[in-house]
Number of protein chains: 2
Amino acid sequence: MPDTLTPDGLLAELATLLGPAGVLTAAEDIAPALADWRGLYQGKAMAVLRPANTQEVSACVTLCAAAGIPIVPQGGNTSMVGGATPTEDGNAVVLSLARMNRIRAIDPVDMTMTAEAGVIVKAAQDAAADANCLFPLSFGGEGTATIGGVLSTNAGGNTTVRYGNARELMLGLEVVLPDGKVWNGLRRLRKDNTGYALRHLFVGAEGTLGIVTAATLRLFAPPRANEVLFCSVRDEDAALAVFRRFRAVDETAIRAFEYMSGLGVDFAAKHIPGVTWPLAERADHTILVDLASTRADADLQSLAEQVLGDAMEAGEVIDAVVGGSEARRQALWRIREEHPEAQRKEGASVKNDVSVPVSKVPELIRRASAACVALIPGTRPVPFGHMGDGNIHMNLEQPEGMDGDAFLARSHDIMDTVNEVVRELDGSFSAEHGIGRLKTDMMEAWRGGAELDAMQRIKAALDPRGIMNPGKVLP
Amino acid sequence: MPDTLTPDGLLAELATLLGPAGVLTAAEDIAPALADWRGLYQGKAMAVLRPANTQEVSACVTLCAAAGIPIVPQGGNTSMVGGATPTEDGNAVVLSLARMNRIRAIDPVDMTMTAEAGVIVKAAQDAAADANCLFPLSFGGEGTATIGGVLSTNAGGNTTVRYGNARELMLGLEVVLPDGKVWNGLRRLRKDNTGYALRHLFVGAEGTLGIVTAATLRLFAPPRANEVLFCSVRDEDAALAVFRRFRAVDETAIRAFEYMSGLGVDFAAKHIPGVTWPLAERADHTILVDLASTRADADLQSLAEQVLGDAMEAGEVIDAVVGGSEARRQALWRIREEHPEAQRKEGASVKNDVSVPVSKVPELIRRASAACVALIPGTRPVPFGHMGDGNIHMNLEQPEGMDGDAFLARSHDIMDTVNEVVRELDGSFSAEHGIGRLKTDMMEAWRGGAELDAMQRIKAALDPRGIMNPGKVLP
């Protein structure tokens, strides 16, 4: 292979390799791959490559490495932080895994699934269900996001408190390395201590160390009992107290434990057809508790009644409603799931995906809210999210009547304000969304010194030419 | 600091730094640190360093790096594969973490513990229990092994099927890097996606990338209901079938699921005072099922009776006994725990710590047993271990009447024979014991190519002078 492949020569070679369906160059064809869905970034690229299998991905990477052309791997393009969009210089190619959407194997005895990177998360859930198993990863973008993407970003979501992040659901990976070599690490073992845990390095690396082309994932027994509760609680501390009560009684039954501010529920009830306050009286603080068990005789209603009874007596829970039916459970979940859309409809908002130790969630909510209101009077805090994981979406809605763009112009001030509180509480500035482009400039302040130095050494060791998703993750 | 520190100069500097208690050089003082407890290796060293805190570890590493002196980190020195003993050339120092045995913090709200590397696993369990929490890692060496050691080797043990390996119990690490810098990654967050997962690189690296000096660990709610069953089963397939039945009914209740051959139970009953066959009739295949739940009303006996009833009807379970009391449960566990000692008393034996996908455990046991008997007629297979994780200790006891040393002289032939079967079944040649010195020569055949190349690049990037535990893990 020529070491001096020109960009035009590269595209010609790629077209021969992948065929006409495999190399998109027309502006209208590649446009969707160049921008992120949040509208934060608008990049450029020479082409969008659509390899159909691992060998083609390997050949693409080998050719691009020879030509010195950077590669931006892309799954469902649902990154919250611009991790899958190319930069503006236009000298990169986007490599889409969309055509690699085959589930290679499901084994209900091993409780494993081997899926290619382009498999949509929802499709993986459905395939698992068809085999009477559960693939538990669940979050808003599951109908678009892909397996390769959720692993490359270590996605979290609603069920992390019970099943872990994407990382914990992964047993093995197949990766095309920056030199084009294929590493087949698709093991389906629960114990394998044979050298460094390479697979964990690629999870969360956002495609900067190689391209995940397939993964072996853990499956679980599907729950036979389910229940969902929606409660108004006295305050943030009471929300945490109720979490602790459930955890002490049955830690494995908590599938999700979500906090929502009353204002967030107000917005959902105002903007989303069919959503209403499910309790007789509005309150400033609410929780949604999703309980599940593989035991058909788990009697989750009794469990819920027992815990809620104690929590009401202690003044923590003000009022509560129990789903009772699948339709009611879905209706209660919808209040939570529509939070992003409701906030969008209410006006401009600034998102902060942060985490703190679980014990500090109440303090995070109170202090970050107060600090943002002090920064921009009238700002409406709408924190919500995964209290059981310490991961709160500390979102801020613009003041009523303020110009949305003027509010968004203060985004970085707002993020800095939230992050100052997060830092004081030993938290993280990116809980489940990753770094992408949006947060690379925070890496030095938060992870600088020995840690960032080690990351940069690893990057240089595995991708010495720096062609894998440049400008992402590392500053 | 002089870049040309001589060995003698180094020891003088270290003595000044650590004081007389911190640097052992007398032959009788350092002897215990030079051999592994299995008697596989007898190494040499210039000294044993005993730093008392992270700063002292950092200073030791900085000095040794300047002098180009290799460092062998050592915890409880319970490695099964010689991972913590120095090589024979005598030019290294052993760095013991024994004095760093402080539990820095326990938080029963966050459910986390921050423990120094030298904390004994049993002490960590006890400290968690005192805080009404559970630290679930449990295995034979827990009274001697240390937190630093179990993380550096990614220890597994009996409860992996429920709580995961040591890796899954770790939220954050403090590590002294090969250049002496300290990385404080002691986060206690459930979600933190901010760059590469460095912490996972040090877990299982057996001290070849740096020295783990402290860790933040996950705790769990302590079970309120417990039960243990011991069953004779028709064959290996029946054992697996019973595992599947329990998993389908309540996957979270299975704290351990252990297989034992009848011969292994015979050895325990023969050699261990107080151990007897717990069933009316001997059988060739047995299982031990440990059930637990945080729910006081979990009614594990009904669960067990329901599953066992179905399994008996299907001809899978022949006979069963349910513990019923804590004393009885411990007595049943003792049959399993005394397997290594009973095998030792019976004669010479060759150990194989291997894993396969859970579905292939029956085939592993049958095929590996047959192959070893074909290799050395009269060999007595005594497979036992963690069926629920696919991790079987595929041990072989010498033929009756054969000279033990003659049998052990065939160790490598036996290991090769077992591993050939393991490989055909997509398994691993080291499930939970790691590589150490014993298995480095297998890395090329099993992990060679892109994977081993990536590991070696990472090693060179983080430890360019190669001073961290040389001769271990990588060939």
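**Close-up views of a predicted two-chain model**

**Figure 1. Domain layout of chain A.** Chain A is divided into domain 1 (7–96), domain 2 (103–218), domain 3 (225–340) and domain 4 (347–424). The model shown here and in the views below is predicted. Taken over C-alpha atoms, the centres of domain 1 of chain A and domain 3 of chain A are separated by 44 Å.

**Figure 2. Relation between chain A and chain B.**

**Figure 3. Salt bridge between Asp389(B) and Lys191(A).** The side chains of these two residues meet in a salt bridge, with 3.2 Å from N to O. The pair crosses between chains. On the chain B side, Asp389(B) sits in the loop between strand S16 (380–386) and strand S17 (391–397). On the chain A side, Lys191(A) sits in the loop between strand S8 (182–185) and helix H7 (198–202). Asp389(B) and Lys191(A) are both buried, which means that each has under 20% relative accessible area.

**Figure 4. Salt bridge between Arg366(A) and Glu236(A).** The closest N and O atoms of Arg366(A) and Glu236(A) are 3.3 Å apart, and the two residues form a salt bridge. Arg366(A) belongs to helix H13 (residues 361–375) of chain A and Glu236(A) to helix H8 (residues 236–250) of chain A, so the pair ties together parts that are 130 residues apart in sequence. Arg366(A) is partly exposed, at a relative accessible area of 38%, whereas Glu236(A) is buried, at 8%.

**Figure 5. Salt bridge between Asp297(A) and Arg295(A).** In this pair, which forms a salt bridge, the closest N and O atoms lie 2.9 Å apart. Arg295(A) is buried, with a relative accessible area of 8%.

**Figure 6. Salt-bridge network in chain A.** Arg102(A), Arg104(A), Glu116(A) and Glu174(A) are joined into one network by salt bridges that share partners. Over all chains, a search of the whole structure finds 72 salt bridges.

Technical notes: Residues numbered from 1 in each chain as written. Chains lettered and ligands numbered in written order. Predicted model: local features only at pLDDT ≥ 70, side-chain atom pairs only at ≥ 80, totals over all residues. Heavy atoms only, no water. Salt bridge = Lys/Arg side-chain N within 4 Å of Asp/Glu carboxyl O. Helix = DSSP H or I, 4+ residues; strand = E, 2+ residues; numbered from the N terminus. Buried < 20%, exposed > 50% of the residue type's maximum accessible area, 1.4 Å probe, protein only. Domains from an automatic or database assignment.
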